[in-house]
Amino acid sequence: MKSSTTGAKSGSRSSQTSKAASNRSSSKSASNGSGQKENLSKIFEDTLKDIYWAEKHLVKALPRMSKAAYDENLSAAFEEHTEQTQGQIERLDQIFEQLGKRAQGKKCPAMEGLVEEGKEAIEEYEKGYARDAALIISAQKIEHYEIAAYGSLKAHARMMGEEEIANLLEATEQEEGETDKKLTEISETVNQQAYTEGEEEEA
Ligand SMILES: [Fe+2]
Ligand SMILES: [Fe+2]
């Protein structure tokens with residue numbers, strides 16, 4: 001059985017909790033339902049601007065990654081994804097148009113940092129399978145960021161009844177997923193080669 005002190009403590013805690021709850025409900029009544037909806041469509045638009053900036057930044061970095069890759073398949077995969085990314089930017093242009101908004105980017109510090117990490121790998125290591133392994137790690141982080149962004153945007157577009165926009169977002173989400181899978185496949189060979197060559201050097 002709880003002591004009376006504990007009881008008193010929990011009592012005061014529960015009064016704090018109910019105070020917090022009443023604060024929440026008052027703020028809820030202050031911003032009515034339509035305010036929430038407005039916020040959500042602004043969040044949706046800002047997330048679109050973020051990924052628009054991210055894709056435009058990435059499309060400039062991918063040719064550099066393709067050039068830096070030692071493995072032919074990896075180089076080709078980056079080249080292919082450059083073209084895909086151009087198409088993804090066009091899809092986003094289409095989405096902005098359908099929303100009646102000007103296509104506009106908003107700096108995405110996350111993508112800037114992820115691209116920077118890939119750049120650092122290129123500068124730090126010489127061309128070869130080990131550096132390719134680092135490039136794949138960077139690229140897969142990028143793909144996962146994009147998958148998260150497009151998956152969320154798609155879910156929100158569906159919620160808003162924007163089926164056509166949701167389909168465009170889904171098409172890109174799928175391409176990012178396929179790219180991620182392809183990179184996993186390539187990494188199997190690349191990592192193997194990097195380890196084998198390392199062993200040969202040691203021997
Ligand atoms: Fe993309
Ligand atoms: Fe991508």
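This is a predicted model: local features need pLDDT of at least 70, side-chain atom pairs count only at pLDDT 80 or more; totals for chains, interfaces and linings use all residues.

Reader: Thanks! How many helices and strands are there in the chain?

Author: The chain has 6 helices and 0 strands. Along the sequence, the pattern reads α-α-α-α-α-α.

Reader: And what share of the 203 residues is buried?

Author: Buried residues account for 28% of them. As for contacts in the chain between residues at least 6 apart in sequence, 74% join residues at least 24 apart.

Reader: Let's pick a helix. What should the 27 residues of α3 span at 1.5 Å a residue?

Author: They should span 39 Å, and the end C-alpha atoms of α3 are 39 Å apart, so the two values agree. Helix α3 covers residues 72–98.

Reader: Which residues of α3 are buried?

Author: L74, A77, F78, H81, T85, Q88, L92 and I95 are the buried ones in α3.

Reader: What follows α3?

Author: G100 does, and its phi is positive, near 75°. There is also a glycine after α5: G161 comes just after that helix and takes a positive phi of about 80°.

Reader: How do α3 and α6 sit relative to each other, and at what angle do their axes cross?

Author: The axes of α3 and α6 (residues 163–202) come within 10 Å and cross at roughly 170°. Because of that angle, α3 is roughly antiparallel to α6.

Reader: Which residues make the contact?

Author: On the α3 side they include L74, A77, H81, Q88 and I95, and on the α6 side they include I165, L168, L183, I186 and V190. By class, this contact of α3 with α6 has 9 nonpolar, 8 polar and 4 charged residues.

Reader: New topic: how many residues are in the largest nonpolar core?

Author: That core has 38 residues, and those with the most contacts inside it are L58, M65, L74, L135, I136, L169 and V190. The elements giving two or more residues to this core are α2 (33–68), α3, α4 (109–124), α5 and α6.

Reader: Which element gives the largest share of this core?

Author: Helix α5 does, with 10 residues. For background, nonpolar side chains tend to be buried together in soluble globular proteins.

Reader: Tell me about α5, then. How far does it reach from its first C-alpha to its last?

Author: Helix α5 (residues 129–159) has 31 residues and reaches 45 Å, close to the 45 Å expected at 1.5 Å a residue.

Reader: You mentioned I136. What is I136 in contact with, leaving aside neighbours within four places in sequence?

Author: I136 is in contact with L74, L183, I186, S187 and V190.

Reader: What about A134: where is it?

Author: A134 is in helix α5. Beyond its neighbours within four places in sequence, A134 is in contact with A121 and Y125. The C-alpha atoms of A134 and I122 are separated by 8.5 Å, with the two residues 12 apart along the chain.

Reader: Last one! Where does L99 lie?

Author: L99 is in the loop between α3 and α4. With 17 C-beta neighbours inside 10 Å, L99 is partly exposed. The C-alpha atoms of L99 and E45 are separated by 9.3 Å, though these residues are 54 apart along the chain.

Notes:
Residues are numbered from 1 along each chain as its sequence is written. Chains are lettered from A and ligands numbered from 1 in the order in which they are written. Helices (H or I, at least four residues) and strands (E, at least two) are DSSP runs, numbered from the N terminus. The expected span of a helix is 1.5 Å times one less than its number of residues. Axes are lines fitted to C-alpha atoms, for helices over the stretch in contact, and angles run from 0 to 180 degrees between N-to-C directions. Angles under 35 degrees count as roughly parallel, over 145 as roughly antiparallel, 65 to 115 as roughly perpendicular and the rest as oblique. Two residues are in contact if their C-beta atoms, placed from the backbone, lie within 7 Å. Ala, Val, Leu, Ile, Met, Phe, Trp, Tyr, Cys and Pro count as nonpolar, Asp, Glu, Lys and Arg as charged, and the others, Gly among them, as polar. A residue is buried if 20 or more other C-beta atoms lie within 10 Å of its own, exposed if 12 or fewer, and partly exposed in between; C-beta atoms are placed from the backbone. A nonpolar core is a set of buried Ala, Val, Leu, Ile, Met, Phe, Trp, Tyr and Cys residues joined through C-beta atoms within 7 Å.
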